[in-house]
Amino acid sequence: TTALGTMSAPAIQAMDEASTANWPANTRLSYGLTGFYRGPVKGDARVQWQKDQDRYQVSVDIDLGIIGTRMTSQGLIGQETLEPLAYEEKTGPTLRNLLLEPTRIRLTGGEWVARPPHVQDTASQFVALAQRFSQQPALLAVGKAVPVWLARPGGVDEWTYDVVELENLRSENL
């Protein structure tokens, strides 16, 4: 084995490319959005994923007509998951952000909290979960629960997504 400190730059780059090769190519998805939040909600959403060697940026735009939200995450691509470093969300005139360091996270109000392992932010979770499901499709079985640590501007909590139904979606290349 070779110590990392003595590896050549091309060898390190080859390792980085190998660890990110199984992540999706640059992608943009646009879709209709329906749901329920204090009444029926309908709108449009877009997710854009970009990677450059071992770095990524993902942006999520949600347009509900009367209000819109843009979430942006930037960070590193790890072997198994994304490692967010910075997160920003803008809803109307309000801008909130996070700074994610290796062992701690700075929330919007300036408070520092411990960083849980494999934590995602509100934007990176979409790509991280899609990658996780592509690598472990058994997680998508009805009845499964998928825990995710989420860092949001107001706090860090463990969320659990329950798989309650499987649905085939029609997609179109534009």
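**Strands and a pocket**

Reader: In the hairpin of β2 and β3, which residue takes a positive phi near 55°?

Author: The model is a predicted one. In it, β2 and β3 (residues 55–63) are antiparallel and share nine bridges. Their hairpin leaves two residues between the strands, and the residue with a positive phi near 55° is Q53.

Reader: Which residue of β3 does A45 stand opposite?

Author: β2 covers residues 40–52, while β3 covers residues 55–63. The residue of β3 that stands opposite A45 is I62.

Reader: Which element gives the most to the lining of the second largest pocket?

Author: This pocket holds about 350 Å³ of space. The elements that give two or more residues to its lining are α2 (124–135) and β10 (145–152). With five residues, the element that gives the most is α2.

Reader: How many residues of the lining of the second largest pocket are charged?

Author: The lining has 18 residues, and those nearest the centre of the pocket are E80, T81, H118, A128 and R132. By class, the lining divides into seven nonpolar residues and eight polar ones. The number of charged residues is three.

Note on methods. Residues numbered from 1 in each chain as written. Predicted model: local features only at pLDDT ≥ 70, side-chain atom pairs only at ≥ 80, totals over all residues. Heavy atoms only, no water. Pairing = 2+ DSSP bridges. Helix = DSSP H or I, 4+ residues; strand = E, 2+ residues; numbered from the N terminus. 1 Å grid on protein atoms, 1.4 Å probe; cavity = no way out; pocket = protein on both sides within 12 Å on 5 of 7 lines; lining within 4 Å. Points joined across faces, edges and corners; volume = space filled by probe spheres on them. Nonpolar A, V, L, I, M, F, W, Y, C, P; charged D, E, K, R; others polar.
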